[in-house]
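Take a walk through the fold below.

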Amino acid sequence: MKKLVFIFIIFFIPSLWIGDGAFVRAQVMVSYGARIYMANDTIFANGGISTYPDSSGVGGQFRNSGSVFLTGDWTNNSGNAAFTSTGGLNGGSTITCLFVGGNQNIQGNSTTEFYNLDLRGSGVKQLNSVDEIVRNDLSLNDRELATGTNIIHVTNTSPSAIHRSSGFVSSLDGGSLVRSTASTQSYLFPVGSSLNTLRYRPVEIAPLGSAPDDYAVRLANVDPTTEGYDVNVFKKTTISLVNPGFYHQIRRDAGPDNASITIYYDEALDGTFTGMGHWQNAPQWEDLIASPAVPQSGYNAMNAPSWDFSSPFPAFALVKILNECGQTFVPNAFSPDNDGENDMECVYGKCIKSMYFVIYDRWGEKVFETTNKSQCWDGTYKGKEMNTAVFVYYLKANLTTGEEVIKKGNISLMR
C-alpha cells in the first residue's frame, strides 16, 4: 500500500483563506509571509509549523478561532507575534495550540503570543532561546514546560488562567514563570524541576492591592551556594540552617503592590523548616517575618505576609531559625537528697521529638538508659543509691524542627 503524505507549504502568497470547519493535515507547515485566515478550523501538523518573513521582510500571521495540533516544533521567525489579536475577516485570534508530540521546542527569533497553549503528549516542552506569551489559558496538564533562560508570561489576570494535573514550569538556567495580576486573590506559580531530584515546589503570591502587577517565580533546584548565595558562611546569626536543596527566585517585574508570598515544600523529603529567608543587605541570608501556612495537597508551607520587593535580590529560601526552641540541655550536676531541688538528672528542651539518653559510671558500666524524654535518673542503679561520683553521659535527640542534637559530657552526683 502506498503511503499518502500531505505536505502543506505556503509561500509568497498575500493571504490564504481556509473555510469554516475545514480540517488541514500536513507533515510540515511553512509560511513565508502569508496570512492564514481560519474559521473554527483544525490543523494537524505532524512535522511542526514554521513562519518566516517574505522577501520584503513582511511576516505572515494566523487569524483564526480553531485549533492547531503539533507533534513537531513551533518556530516563529516572522518578526511578529504570529497570532493576531485584531478584528478582521474572522475576528480576533482565539486559537488553541496543542503540543501533542514527545519532546518539542517552541523556538525562533520572535516571541509568539499564544491565545491558549495546551501541553499534552509525552516528553518535555522546551522554550528554545525565546520568550513566549500566553494571553488566555496555559494548560500544563502533566507536562514539564522548560523555560531555560527564557520566560513564559501568562498575561490573563484571572487566578485560574493556569491549569495542571501534575505538570510544572521549570527554569534551570535563570528563566521564570511570569503572571500578570489585577486582584488580591492568590495566584499559583506551579514551578518544579526534573533536574537530579524531581521536585514540584509551588509558590503562591497574593498581591496586597489590585493594581496591574507582574510577578515572576523560578525554582532553582540546586544548592543556593552554587549560584552565588552561600548558605554556609553568609547568613545572619538568627539562622541555623538555610535549605541546601533548592531555593526560589521571586521578583516583581511591574506594578506597585506588595504581596503575600507562600512557599510550599515536602516535609518528608525536604525536612522541617521554621522560617523563610531572603538574600539581602550585607548581602547575606536573613530571616524575614514568616510563619507556617496551612498545608495543601500533602505539602507544608511557609508564608511571608508582606514583601515590598524593594531589595534588588530575588533569592528566597526556607530556613531554620536558631534557638527558637531554646537550648537542649543536660545539667552537669545533681543532688538526689530529696530536698526538692536538683533531685533528678533530666534532659531539658522544648522541641525534643525523640531521644536516646545513656549514663555510664567511671568503669564504663551503663547505670541508666532511656528513650523517654519524660524519664529522669534518680541516682540509683539496680535499686541502690549511687555514691558521690562523676559519671559520663551521651545524648542523641531529634527535634521537631528536623535538627539532630548530639551531646556528651560529665555529670557530678553529689550527696
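The protein chain contains one helix and 40 strands. This is a predicted model. The chain has 415 residues, and 49% of them are buried. Count the contacts with a sequence separation of 6 or more: residues 24 or more positions apart account for 55% of them. The exposed surface comes to about 18,800 Å². Carbon and sulfur atoms supply 50% of that area.

Five strands make it up, in the order 34-40-39-35-36. The sheet is open, and its pairing is mixed. Strand 34 and strand 36 are the edges, each pairing on one side only. Now look at strand 35 and strand 36. They run antiparallel to each other, joined by four bridges.

Next, the loop between strand 34 and strand 35. Strand 34 covers 333–334 and strand 35 covers 352–360, and Ser 335 sits in the loop between them. Is Ser 335 buried or exposed? Its relative accessible area is 16%, so Ser 335 falls under the 20% cut-off and is buried. Which residues touch Ser 335, once neighbours within four places in sequence are set aside? The contacts are Glu 341, Asn 342, Asp 343 and Met 414. Asp 378 is 43 residues away from Ser 335 along the chain, yet their C-alpha atoms are separated by 9.1 Å.

The loop between strand 34 and strand 35 also holds Cys 346. How many disulfides does the structure have? The count is one. Cys 346 and Cys 376 form it, with their sulfur atoms 2.0 Å apart. The angle about the S-S bond is 110°, and the link is right-handed. Cys 376 lies in the loop between strand 36 (366–370) and strand 37 (380–381). The two cysteines are 30 residues apart, and the pair links distant parts of the chain. Such a bond is covalent and joins the sulfur atoms of two cysteines. With a relative accessible area of 10%, Cys 346 is buried. Another cysteine, Cys 97, is buried as well, at 1%.

Now the rings. A pair of aromatic rings is described by the distance of the centres and the angle of the planes. The structure holds 15 aromatic pairs. Take Tyr 229 and Trp 279 as one of them. Their ring centres are 5.4 Å apart. Their planes meet at 80°, over the 60 degrees that the label requires, so the pair is edge-to-face. Where do the two residues lie? Tyr 229 is in the loop between strand 25 (213–220) and strand 26 (239–242), while Trp 279 belongs to strand 29 (residues 275–280). The pair therefore ties together parts that are 50 residues apart in sequence. Both Tyr 229 and Trp 279 are buried.

Elsewhere, ring pairs build a cluster. Its members are Phe 334, Phe 357, Phe 368, Trp 377, Phe 391 and Tyr 393.

Finally, look for charges over rings. The charged end of Arg 164 sits over the ring of Tyr 200, at 3.9 Å from the ring centre. Lys 320 lies over the face of Phe 273, and here the distance to the ring centre is 6.0 Å.

Key:
Residues numbered from 1 in each chain as written. Predicted model: local features only at pLDDT ≥ 70, side-chain atom pairs only at ≥ 80, totals over all residues. Heavy atoms only, no water. Phe/Tyr/Trp six-rings, centres within 6.5 Å; stacked < 30°, edge-to-face > 60°. Buried < 20%, exposed > 50% of the residue type's maximum accessible area, 1.4 Å probe, protein only. Lys NZ or Arg CZ within 6 Å of the ring centre and 35° of its normal. Contact = heavy atoms within 4.5 Å. Areas by Shrake-Rupley, 256 points an atom, 1.4 Å probe, with all protein chains shown as cover. Disulfide = S-S within 2.5 Å. Pairing = 2+ DSSP bridges.
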